Amino acid sequence: MTFKIMIDGQVHGVAILARRPHLVVEIGGHRYRVEDLCDGRSGPQSLRIDGQPVAFTRAPGAAGGVDVRLDGRTYEARPFDPAAEAAASGAGSDRVRAPMPGAVVVVHKQAGDAVRRGEAIITIESMKLQMALAAPRDGLLAEVAVREGDVFDKDAVLARLQPAAEER
């Protein structure tokens, strides 16, 4: 099982390689054996990573995340939501980019269609997760560069709105 987590604004891929007899995860190409898992409560906790004890304090954080105090620093950790990140980074943009590699499941709009900010243009699938990519602003679609079934790489431009100056 693979997922992404954002820690202090940086996205990290985490792969769960084994759950029994101990949790084994891979982060950034490094494997870690985790024992004595914490129970998810707030407050002081400890666990063992590769046999070494790690003490930390956990507290609820913003956006469904957690704040972790470790070695004199506080880290903000939260689940990574690629759809929200794509929408946030695309605000005011003319391009709809792929937040990760994947395949097109449904094309909801065509070139020339008027769209409203947040309206679904394309639904994609990546790592068995489907998500709708939304219009970053109100406008007219100049181009939809993909068709159902097409595959694409991360950051590929899947659709483009007409520049605001041309819409008037």
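Is Lys109 buried or exposed? At a relative accessibility of 18%, Lys109 counts as buried, and this residue returns in the last of the legends below, which describe close-up views of a predicted model.

**View 1. An open sheet of four strands with antiparallel pairing.** The strands follow one another in the order E13-E12-E10-E15. Strand E13, which covers residues 129–134, and strand E15, which covers 151–152, stand at the edges with a single partner strand each, so one side of each is left without a neighbour in the sheet. Strand E12, made of residues 120–126, pairs with E13 in the antiparallel sense over six bridges, and within this pairing Leu133 of E13 is the bridge partner of Ile122.

**View 2. The loop between E12 and E13, with Lys128.** Although Lys128 is not a glycine, its phi is positive, at about 65 degrees. With a relative accessible area of 80%, Lys128 is exposed.

**View 3. The loop between strands E5 and E6, with Asp50.** Strand E5 covers residues 43–49 and strand E6 covers 52–60, and Asp50 is found in the loop between them. Asp50 is another residue other than glycine with a positive phi, here near 50 degrees, and at 45% relative accessibility it counts as partly exposed.

**View 4. A cis peptide bond between Arg20 and Pro21.** The omega angle of this bond is about 0 degrees. Pro21 is found in the loop that lies between strand E2, residues 10–18, and strand E3, residues 23–27.

**View 5. Salt bridges of Arg31 with Glu26 and of Arg33 with Glu35.** Side chains of opposite charge can pair when their charged atoms come close. A search of the whole structure finds seven salt bridges, among them the one in which the side chains of Glu26 and Arg31 meet at 3.7 Å, N to O. Glu26 is partly exposed, with a relative accessible area of 27%, whereas Arg31 is exposed, at 58%. In the salt bridge between Arg33 and Glu35 the closest N and O atoms are 3.5 Å apart; here Arg33 counts as partly exposed at 38% relative accessibility, while Glu35 counts as buried at 18%.

**View 6. A salt bridge between Glu119 and Lys109.** The closest N and O atoms of this pair are 2.9 Å apart. Glu119 lies in the loop between strand E11 (114–115) and E12, and Lys109 in the loop between strand E10 (102–107) and E11, so the pair ties together parts that are ten residues apart in sequence. Glu119 is partly exposed, with a relative accessible area of 26%, whereas Lys109 counts as buried.

Terms used. Residues are numbered from 1 along each chain as its sequence is written. This is a predicted model: local features need pLDDT of at least 70, side-chain atom pairs count only at pLDDT 80 or more; totals for chains, interfaces and linings use all residues. Side-chain values use heavy atoms; hydrogens and water are left out. Two strands pair if DSSP finds at least two bridges between them. Helices (H or I, at least four residues) and strands (E, at least two) are DSSP runs, numbered from the N terminus. Buried means under 20% relative accessible area, exposed over 50%, partly exposed in between (1.4 Å probe, protein chains only). A salt bridge is a side-chain nitrogen of Lys or Arg within 4 Å of a carboxyl oxygen of Asp or Glu.
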